[in-house]
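Have the viewer open as you read.

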Amino acid sequence: MSTYKVIFTGPVGAGKTTAIASLSDKPPISTNEAASDMTANRKSETTVAMDYGILYLDSGDALHLYGTPGQERFDFMWDILTKGGLGLMLLLDNRRKNPFGDLQFYLDAFSDFIKETGIVIGITGMDIKPQPCREEYCAEVEKHGLNIPVLEVDARNKSDVSTMLEALLFSLNPT
Amino acid sequence: MATKHINIAFIGMGKKSIATFDFFIRKHAEKLCRQVNIKQAEAFIVDYDSSNGQQQWQQTDPEKKIPVILISSQQPEESGWLWVPKPVKGSDLKHAIQDLVRIRDNKQPTHHHALARSQKTGGRAEKPSPQPQDVATDIGKIKTGYNRSFDEEACAGLNLSRDEIVECCGKLDDVDIHDHDQRQSIFHNDKKTLVAPIQAGLRLAKRENKDVEIDLLKTRIILLAGGERIQADLNNRVIRHICAIPLPRRLDTTLIEPPTIEQCHVHKAETVLWQVALWTARGRLPNTLEPEKAVRLMRWPNFTRLQITPHALRIAAAWTQKAMSPLQIAEALEIPQRYVFSVASAADALGLFTDKNSNQHNSYGSWKNSRNLFSSILRSLRNAA
């Protein structure tokens, strides 16, 4: 049996844990801790090490879904998590103060991984805070020389997260 | 010997429609037919679009023995009956009635009505021999040797019924682009469709920052001030029907005072425009897009908020990576042309195409040989949906 993995990343509260739960065939495993620092005002628990879910394929293989911790101080985990990954699902929270700063941060932090694989961006929280709009994200992404899927996403909605993953896969290989 | 007229009854029509048809008959087909009540009828004319038309026809003639002309904006799934497309042209209707008479008299009909040539008995028509430009084929049955099972996969898991896929992507077979007639069959005139007034109305709503109304008689579309949102009942079949027919005139866009907003029918403007473009195109290209001309998608469509048609994500992925013509995309992905033309029409309506090739860095430009794995993942995602 072969195993493959996709990485979910993004700032704290962007919906990584929820998105993995939406797709996973088994209840996802989270290593959440009570938030005690600046993240506490965004959510009561935060992912310290990683989230993990699994999607069983009809071929007998499995696709592992890993979520990176949302706090920058755990970025040492990111290299470990991304090794052998098919691509990156970047979730950005539109309600945050500087979502374009977040975008810049993650594109830089994962630049090597993105070059070797692929990335899709999901913007969450647009129903609550519609600005900046999706087109502005696209323009920001283009500044990085990328033409990649940028989609509005509700992480609780399985269809949205599935579409994100499909967009990632077809970006890697449309044929 | 003069032909005896045929007694016809109308099914699924209101008083006004019946009066209109009756007027036509008196004026142009008086020697051919007469309007009678259902019990006396030798043939029916059924409004196949009306909600009770199909039902009443079924109740009146459950065995479908009586010759029928179906009138509808879209080609009925049910094959084998005389069909007159809406908007009804007098000449089409007259020819169809002449064929009804011939069917009654056990003669071969002489006119084509897109669907059928009639049989000798019962008015049921035999299937026509394939005509490249207008004959329907089932999904997956095309000339180029694309992978049928993959096509079925592409249709599975979509939030669309088979009929809805046809409403969005049509049934056109792949065409030989060098054949003049076949080539003409893949185009629609986008200036004579609902897409154009919506685009114009959105510009007006943005420029004037006021609500704009497009009156469709039985329903209306309101483009909300700012041009970002549209109030429209996309489940209303009137809109679909209007998309499916060429408009006799340009619809007016009118500035209006703020209406009572029905939030349940408020959508992002791009969602409505994309959907209307799909219904309009039905697997064809707007005549402003050349099938051989290389273009590129400047941006990915927002597929989580747009109707996804078969292969749409693959098409977008290929089209964002490099400039290709619609025909090249169909060939490269080994998919029916109609699916590419559908996405092309919708993307064009949103202004997503450029003819400039990308100078952007595509980090994963080399398409990897991973189809089996990806197909497996997609099946898992869609089966679980």
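Predicted model: local features only at pLDDT ≥ 70, side-chain atom pairs only at ≥ 80, totals over all residues.

**Chain A**

Let's start with chain A, which has six helices and seven strands. If you trace chain A along its sequence, the elements come in the order β-α-β-β-β-α-β-α-α-β-α-β-α. Of its 175 residues, 51% are buried. Now look at contacts in chain A with a separation of 6 or more: 68% of them join residues 24 or more positions apart.

**Where the chains meet**

On the chain B side, 31 residues are in contact with 37 residues of chain A. Which helices of chain B each supply at least two residues to that side? They are helix 10 (312–321), helix 11 (326–333) and helix 13 (371–383). Helix 13 of chain B has the largest share, with nine residues. Sorted by class, the side of chain B that touches chain A has 15 nonpolar, 10 polar and six charged residues.

**Domains of chain B**

Domain 2 of chain B puts 16 residues into its contact with domain 3, and domain 3 of chain B puts in 14 residues. On the domain 2 side, helix 5 (162–169) and helix 12 (337–349) of chain B are the elements that give two or more residues. Helix 12 of chain B gives the most, with five residues. By class, that side of domain 2 of chain B has seven nonpolar, seven polar and two charged residues.

| Helix pair | Angle | Axis distance |
|---|---|---|
| Helix 10 and helix 12 of chain B | about 70° | 10 Å |
| Helix 7 (residues 195–208) and helix 9 (residues 269–281) of chain B | about 160° | 10 Å |

Take helix 10 and helix 12 of chain B to begin with. At about 70°, the angle falls in the range of 65 to 115 degrees, so these two helices of chain B are roughly perpendicular to each other. Helix 10 of chain B passes helix 12 of chain B in a right-handed crossing. On the helix 10 side, B:Ala312, B:Ile315 and B:Ala316 meet B:Tyr339, B:Val340 and B:Val343 of helix 12. The residues of this contact divide into six nonpolar, no polar and no charged.

Now for helix 7 and helix 9 of chain B. Their angle is about 160°, which is over 145 degrees, so helix 7 of chain B is roughly antiparallel to helix 9 of chain B. This time helix 7 of chain B passes helix 9 of chain B in a left-handed crossing. B:Val195, B:Ile198 and B:Leu202 from helix 7 meet B:Ala269, B:Leu273, B:Val276, B:Ala277 and B:Thr280 from helix 9.

**A loop residue: B:Asn287**

Last stop: B:Asn287, which sits in the loop between strand 14 (285–286) and strand 15 (296–297) of chain B. Is B:Asn287 buried, exposed or partly exposed? B:Asn287 has 14 C-beta neighbours inside 10 Å, so it counts as partly exposed. Leaving aside residues up to four places away in sequence, B:Asn287 touches B:Phe187, B:His188, B:Asn189 and B:Asp190. B:Ile38, by contrast, is 249 residues from B:Asn287 in sequence and 44 Å from it in space, C-alpha to C-alpha.

Terms used:
Residues numbered from 1 in each chain as written. Chains lettered and ligands numbered in written order. Contact = placed C-beta atoms within 7 Å. Helix = DSSP H or I, 4+ residues; strand = E, 2+ residues; numbered from the N terminus. Nonpolar A, V, L, I, M, F, W, Y, C, P; charged D, E, K, R; others polar. Buried ≥ 20, exposed ≤ 12 C-beta atoms within 10 Å, placed from the backbone. Axes fitted to C-alpha atoms, helices over the stretch in contact; angles between N-to-C directions. Parallel < 35°, antiparallel > 145°, perpendicular 65-115°, else oblique. Left-handed = near helix turned anticlockwise from the far one by under 90°.
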